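Biologist: Before we look at any detail, could you take me through this model step by step, giving the general idea and then the case at hand?

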Amino acid sequence: MQVHRQLLSWQIDETPAAGDGTIPALTAEVGRIAQDKIGQIQRITAQTKMLALNALIEAARAGEQGRGFSVVAQEVRAIGTAVETLSRELETQLSARITALQRATDAVSEDAQGERLTDLALNAVELIDRNLYERTCDVRWWATDPSVVACAAHPDAAAAAFATERLGVILSAYTVYLDIWLCGRDGTVLANGRPDRYPALRGHDVARESWFRTAIAQRGSDAYVAGEVRAEKLLDGAPVATYAAPIHDGSGTGSPCGVLAIHFDWERQARAIVQGVRIGAEDRARTRVLLVDATRRILAASDGGGVLTDTLAFDPGTRESGTVRDAAGTVTAFHRTPGYETYRGLGWYGVIVQRKA
């Protein structure tokens with residue numbers, strides 16, 4: 001009767017709710033249920049064999065009258081042994097299959113996570129690409145402004161005052177810039193848009209700056225230079241992305257008469273992008289969104305850490321995009337800049353680093 005009641009209890013036992021409904025959770029739940037039920041079968045089988053043994057003992061005591069019952073008891077014991085063997089085989093085979101299923105579902109889950117994070121990394125770098133493309137348009141356009149051209153070609157006090165006023169008007173409308181510098185052919189700053197904030201700039205020599213040397217060597221009227229992000233000491237050490245374009249006076253000589261440099265307010269604008277990437281609230285504490293340059297130097301980070309000082313330890317190799325997973329389960333998803341329109345980018349990456357939950 002005890003065995004019968006246990007069998008009945010096992011048959012009507014309800015299946016527990018399966019975790020959070022995800023495939024990994026369901027797989028783990030199936031494994032738990034299988035182990036539980038196989039354990040019940042093995043306990044019932046053990047009890048059955050014990051009852052058969054007791055029956056054999058009692059049959060032996062009964063002598064000739066118990067011989068027929070002894071045959072039945074032996075059959076019951078044989079059935080118990082067979083069920084025990086089957087349950088162990090079932091346990092072994094189910095365990096192997098469930099382990100393989102868990103590995104497969106973990107791989108699928110990891111792939112899905114990697115693809116999603118890679119897409120977010122692409123989104124981050126595309127946003128900055130589109131933003132910086134507009135900067136290249138701005139510098140090329142403003143380098144043709146009559147006040148800028150006149151001051152570069154004939155740098156007297158009146159031309160410098162007019163150019164300063166004009167650059168100030170531009171900055172009042174374009175708040176993404178810290179300052180704009182109008183430089184002469186020799187690298188002297190002739191005018192800037194915010195002399196009230198940066199009064200010591202006029203007359204400063206920038207001839208050795210790489211952005212100036214590259215821009216002054218350009219001949220095309222549509223040329224520009226995209227500089228790497230750096231801290232500009234002349235702008236109180238603020239992080240800037242400098243874009244420069246040659247100024248042509250239309251004399252037909254082909255040589256620029258000066259250079260216009262615009263200094264993009266990198267820290268504020270880039271921070272808005274990396275902090276604006278849509279990471280779920282439950283994942284935000286374990287996730288960093290970054291922009292890094294071609295050498296993996298951190299240009300922007302959602303947590304503000306290591307900007308312009310640290311290098312991110314991951315190696316994309318020749319891959320345009322992908323994921324790297326370390327032994328602790330931390331995933332680094334990345335996507336190289338695709339560029340935007342005529343802006344090819346500087347080999348930067350959008351990167352998402354997410355620790356294991």
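This is a predicted model: local features need pLDDT of at least 70, side-chain atom pairs count only at pLDDT 80 or more; totals for chains, interfaces and linings use all residues.

Biologist: Which residues have the most contacts inside the largest nonpolar core?

Modeller: A nonpolar core is a set of buried residues of nonpolar types joined through side-chain atoms within 4.5 Å. Here the largest one has 51 residues, and those with the most contacts inside it are Leu182, Ile247, Leu260, Trp266 and Leu291. Helix α3 (residues 67-142) gives the largest share of this core, namely 10 residues. There is also a second, separate core of 18 residues, which includes Trp181, Trp211, Phe212 and Leu235.

Biologist: What does leucine 291 touch beyond four places in sequence?

Modeller: Its partners include Ala124, Val125, Ile128, Trp266 and Val274, as well as Tyr349 and Gly350.

Biologist: Is aspartate 293 buried or exposed?

Modeller: A residue counts as buried when its relative accessible area is under 20%. Aspartate 293 has a relative accessible area of 6%, and therefore it is buried, although it is found in the loop between β6 (287-292) and β7 (298-301).

Biologist: Which residues is aspartate 293 in contact with, leaving aside neighbours within four places in sequence?

Modeller: Aspartate 293 is in contact with Glu228, Leu299, Gly347, Trp348 and Tyr349.

Definitions and conventions: Residues are numbered from 1 along each chain as its sequence is written. Side-chain values use heavy atoms; hydrogens and water are left out. Buried means under 20% relative accessible area, exposed over 50%, partly exposed in between (1.4 Å probe, protein chains only). Helices (H or I, at least four residues) and strands (E, at least two) are DSSP runs, numbered from the N terminus. Contact means heavy atoms within 4.5 Å.
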